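Please read them with the structure open.

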Amino acid sequence: MFIFTAMNREWLLMILISAAGCRTVEAKGSKQLTLAVFMSGVLTNNSEFVGGQTYLTSLDLTLELLNNDSRLLPGYFLNASIADPRCVSTDATRGLFEQIIKPPTKIMIIGADCSVSSAPIAALAPYWNLVQISGLSTSPQLEDNLTYPTFLRTVASGSNIVVGITSLMLRFGWSRMAVLVQQEAIFTTTLARLRSTLETLNHQPALEFTFATGENTESIVHSLSQSSGRIIFVDTYQIHAAEILCQSYHRGLTPKNGYIWIYFAWYPIGWWVLPKGYSPLPCSAAEIQEMLQYNIYINYQPYVPTNELNVSTDIQGLSRAQFDQILQDRLTKIHATGLPLLDDVPYIVDAIWAAGLGLNATLGQNVSLEDFTYDSRNASALIYQNTKNLKFRGMTGIVSFDANGGRTGMVRYFQYRSNGSGGIAGHMIGFASSSGSVLFEHELSYIFPYGIPIDE
């Protein structure tokens, strides 16, 4: 077991001491505690990126609610010192060193959003006895408690998608599938989990097609078209997924021709339209619609059903609907046309609230939070354990942590279908029960109008 010592820390600081953009949210209070918050886009000057301002406003609102709750951290005031990792590992590392070097001492870490940013922070944080809670990082890589011993998250691990895929395979008797994988840790870790699960189920190994980031995927799609794969899981970032979508259309790999494609649910709405700076896909809107229609995407995150949006939470008694309205009002004041709420904001809110509850639970355990230093190993262990043992109703439902420090999700299946006005929208079609059986909300003839696909 590796021991994190002051000597280790000083050695690391000599490797890299470089400033990342930071903004401290100032506040008054008797005893100040400061969170190091990592959120991509919050310090950008690009007016086209509105997500950062939404994150920042939700952070301010959540801290305000936490600091105004008389039950929590009496005599303390929680601040935030902000860094923008820009979903880049090197920027995340620089930001962490900047947060550590710059006073005041940080007591916990919130974030990052992208797994590629959270991983280096989570690997280094134990050297300074800092507990980290992410609201958005889903990489299965972060389940490794030996490499990331002080990491927690209020989202479910991406490995849950393996449950979603294999449950579908069992439901329809599929024994083989094809997988298109981008060679990044967040995806290759999932692939390794899928391999192991298929072996356990005595299924045939997946047909694997891997490629490097930035590589032209045309040859990969060609190889796929020459294979027997008909059930296809796409495990890539948005840009490559969109390119593969169009390339596959031109090779006839469509649901109408007996193929079914499975995607993550975390791609943004309209993900097949590439951002500015990328050449448009050589596919028309009608061709994209034909390619997407009846394909499936899987969401494995905890969620609040529509009929529970007005249920009070433990966050100042606010319901999810009330919180969303307050946040939307503030965003509208900041930006004349309003800013998007973003589906991932509630997970960040729950991460911040979990930090406050964890610190509050540590009070009275022979720990003086205001005297916390980066050598406070005992205090850090208590903060971690108290946070991990939490159970509360947050904006994403009941929040508790599993053995790996993550959330237990619920696998839900959605399908891309025509919205009746020439576009494509997602519709929930079913879910996987805790036993792994798949329950559909529609007849199979509705879900698969061309017939249930065969696996080869």
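**Notes on the predicted model**

1. Start with helix α6. Its buried residues are Ile186, Phe187, Thr190, Leu191, Leu194 and Leu198. They span an arc of only 130° around the axis, which places them on the same side of α6.

2. The face of α6 turned away from the buried side carries the exposed residues Glu199 and Thr200.

3. The length of α6 is in order. The helix has 16 residues and reaches 23 Å from its first C-alpha to its last. That is close to the 22 Å expected at 1.5 Å a residue. Helix α6 (residues 185-200) lies across β7 (178-182), β8 and β9 (231-235). It runs at about 155° to β7.

4. Asn202 sits in the loop between α6 and β8. Is Asn202 buried or exposed? Its relative accessibility is 71%, so Asn202 counts as exposed.

5. Tyr294 is another non-glycine residue with a positive phi, here near 80°. Its place is the loop between α9 (285-292) and β11 (296-299).

6. Eight strands form an open sheet with mixed pairing, in the order β8-β7-β9-β10-β11-β14-β15-β16. β8 (207-211) and β16 (438-440) stand at the edges with a single partner strand each, so one side of each has no neighbour in the sheet. Neighbouring strands are turned by 30° against each other on average, direction ignored.

7. Strand β15 (residues 424-432) and β16 run antiparallel and are joined by three bridges. Gly430 stands opposite Phe440 in β16.

8. Which residues of α10 are buried? They are Arg320, Phe323, Leu327 and Leu331. These cover an arc of only 65° around the axis, which puts them on the same side of α10. They pack against α2 (51-67) and α11 (345-362).

9. Two peptide bonds deserve a look. The bond from Pro103 to Pro104 is cis, with omega near 0°. Pro104 lies in the loop between α3 (89-101) and β4 (106-110). The bond from Gly111 to Ala112 is also cis, again with omega near 0°. Ala112 is in the loop between β4 and α4.

10. Finally, confidence. The chain averages a pLDDT of 88, and 91% of the residues score at least 70. Where does pLDDT stay under 50? One stretch is residues 1-5, for which the model has eight contacts beyond four places in sequence. Another is residues 11-28, with 46 such contacts. Where pLDDT is low, the predicted coordinates should not be read in detail.

Definitions and conventions: Residues are numbered from 1 along each chain as its sequence is written. This is a predicted model: local features need pLDDT of at least 70, side-chain atom pairs count only at pLDDT 80 or more; totals for chains, interfaces and linings use all residues. Side-chain values use heavy atoms; hydrogens and water are left out. pLDDT is the predictor's confidence in each residue, from 0 to 100. Contact means heavy atoms within 4.5 Å. Two strands pair if DSSP finds at least two bridges between them. Helices (H or I, at least four residues) and strands (E, at least two) are DSSP runs, numbered from the N terminus. Axes are lines fitted to C-alpha atoms, for helices over the stretch in contact, and angles run from 0 to 180 degrees between N-to-C directions. Buried means under 20% relative accessible area, exposed over 50%, partly exposed in between (1.4 Å probe, protein chains only). The arc is that of the directions from the helix axis to the C-beta atoms. The expected span of a helix is 1.5 Å times one less than its number of residues.
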